[in-house]
Amino acid sequence: MLYQMMGMERFSIDLYEHRELVDSLYHTMVQRYDELYALAAKSPVEVLQSADNITSIVVGEERFRQYCMPCYERHTRSIAGTGKKLAVHLDGRLHSLMGPIGEASFDIVEAFTPSPTGDVTVAEAREAWPDKALWLNFTSSMHIEPTEAIKAHTRQLIQEAGTRRGFAIGITEDIPQRHCVRSLRAIAQVIQEMR
């Protein structure tokens with residue numbers, strides 16, 4: 001609703017002035033997602049993604065607990081016993097949601113964006129969410145930095161992860177074209193070095 005249907009301003013106004021309509025749409029969407037996850041549970045995929053695009057500044061703990069966490073619980077139940085993992089797209093600032101994220105029933109924090117772009121480090125995430133895998137969005141602001149700074153940051157991310165198990169570095173944001181090859185090469189070189 002927030003990102004694909006209404007935008008932040010319209011969503012905020014409607015949530016405040018027409019909560020019953022927002023909740024009605026939410027419950028209809030939940031029913032549709034139940035159908036989708038029932039189908040996905042029968043598919044050969046290993047990972048299902050909930051593309052929530054969460055940032056604590058917008059969503060806040062109350063709405064995260066009321067609207068998001070029950071859906072994660074439903075999705076997790078629908079794939080129970082299938083061996084599939086549930087990933088949730090949490091690419092924003094997450095510090096004020098660290099507790100609820102740790103309590104939520106999903107397996108992978110996908111698109112996790114560490115500081116300085118986000119507000120949680122990999123080390124803090126590992127400590128707060130020891131049972132969840134981290135699938136990083138490489139820190140977007142670093143792509144335009146000098147090559148050695150990109151390499152140093154990549155090393156720091158890997159060192160903070162502590163172990164390769166349950167840790168992946170990905171890119172979910174656009175890299176400025178003129179920095180793309182150089183940045184990807186620097187990241188790949190460090191990953192190869194630290195294998």
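1. Basis of the notes. This is a predicted model, in which local features need pLDDT of at least 70 and side-chain atom pairs count only at pLDDT 80 or more, while totals for chains, interfaces and linings use all residues. Residues are numbered from 1 along each chain as its sequence is written, and side-chain values use heavy atoms, with hydrogens and water left out.

2. Helix H2 as an element. Helices and strands are DSSP runs numbered from the N terminus (H or I, at least four residues, for helices; E, at least two, for strands). Helix H2 covers residues 19-41, and its 23 residues reach 32 Å from the first C-alpha to the last, close to the 33 Å expected at 1.5 Å a residue; the expected span is 1.5 Å times one less than the number of residues.

3. The buried side of H2. Accessibility is classed here as buried (under 20% relative accessible area), exposed (over 50%) or partly exposed (in between), with a 1.4 Å probe and protein chains only. In H2, the buried residues are Val22, Tyr26, Val30, Tyr37, Ala40 and Ala41. Against which elements do the buried residues of H2 pack? They pack against helix H1 (2-17), strand E1 (47-50), helix H3 (56-78) and strand E2 (85-89), where contact means heavy atoms within 4.5 Å.

4. A nonpolar patch. Tyr33, Leu36 and Leu39 make a nonpolar surface patch of about 310 Å². Patches are made of residues with over 30% relative accessible area and no salt bridge, like charges being joined within 9 Å and nonpolar side chains (Val, Leu, Ile, Met, Phe, Trp, Tyr) within 5 Å; the areas come from the Shrake-Rupley method with a 1.4 Å probe, and for residues only the protein chains shown count as cover. Leu36, which lies in helix H2, is partly exposed because its relative accessible area is 45%.

5. Salt bridges elsewhere. Glu193 and Arg155 form a salt bridge in which the closest N and O atoms are 3.4 Å apart. Because Glu193 lies in helix H7 and Arg155 in helix H6 (residues 147-161), the pair ties together parts that are 38 residues apart in sequence. A network of salt bridges links Glu61, Arg65 and Glu103.

6. Cysteines. Taking a disulfide as a pair of cysteine sulfur atoms within 2.5 Å, the count comes to zero. Cys71 is accordingly in no disulfide, and the nearest cysteine sulfur, that of Cys68, is 7.1 Å away. Cys71 counts as buried at 14% relative accessibility, whereas Cys180 counts as partly exposed at 24%.

7. Ile175 and its surroundings. Ile175 lies in the loop between strand E5 (167-170) and helix H7 (177-193), and it counts as buried because its relative accessibility is 15%. Not counting residues up to four places away in sequence, Ile175 touches His143, Cys180 and Leu184. Ile175 and Met142 are 33 residues apart in sequence, yet their C-alpha atoms are 9.7 Å apart in space.

8. Asn137 and Ala111. Asn137 is found in strand E4 (residues 133-137) and counts as buried at 1% relative accessibility. Leaving aside neighbours within four places in sequence, its contacts include Ala111, Phe112, Gly170 and Ile171. Ala111 lies in strand E3, counts as buried at 0% relative accessibility, and has a positive phi of about 70° although it is not a glycine.

9. Backbone points to check. The peptide bond from Ser115 to Pro116 is cis, with omega near 20°, and Pro116 is found in the loop between strand E3 (108-112) and helix H5 (122-128). Asn53, in the loop between E1 and H3, has a phi near 60°, a positive value in a residue other than glycine.

Methods
Salt bridge = Lys/Arg side-chain N within 4 Å of Asp/Glu carboxyl O.
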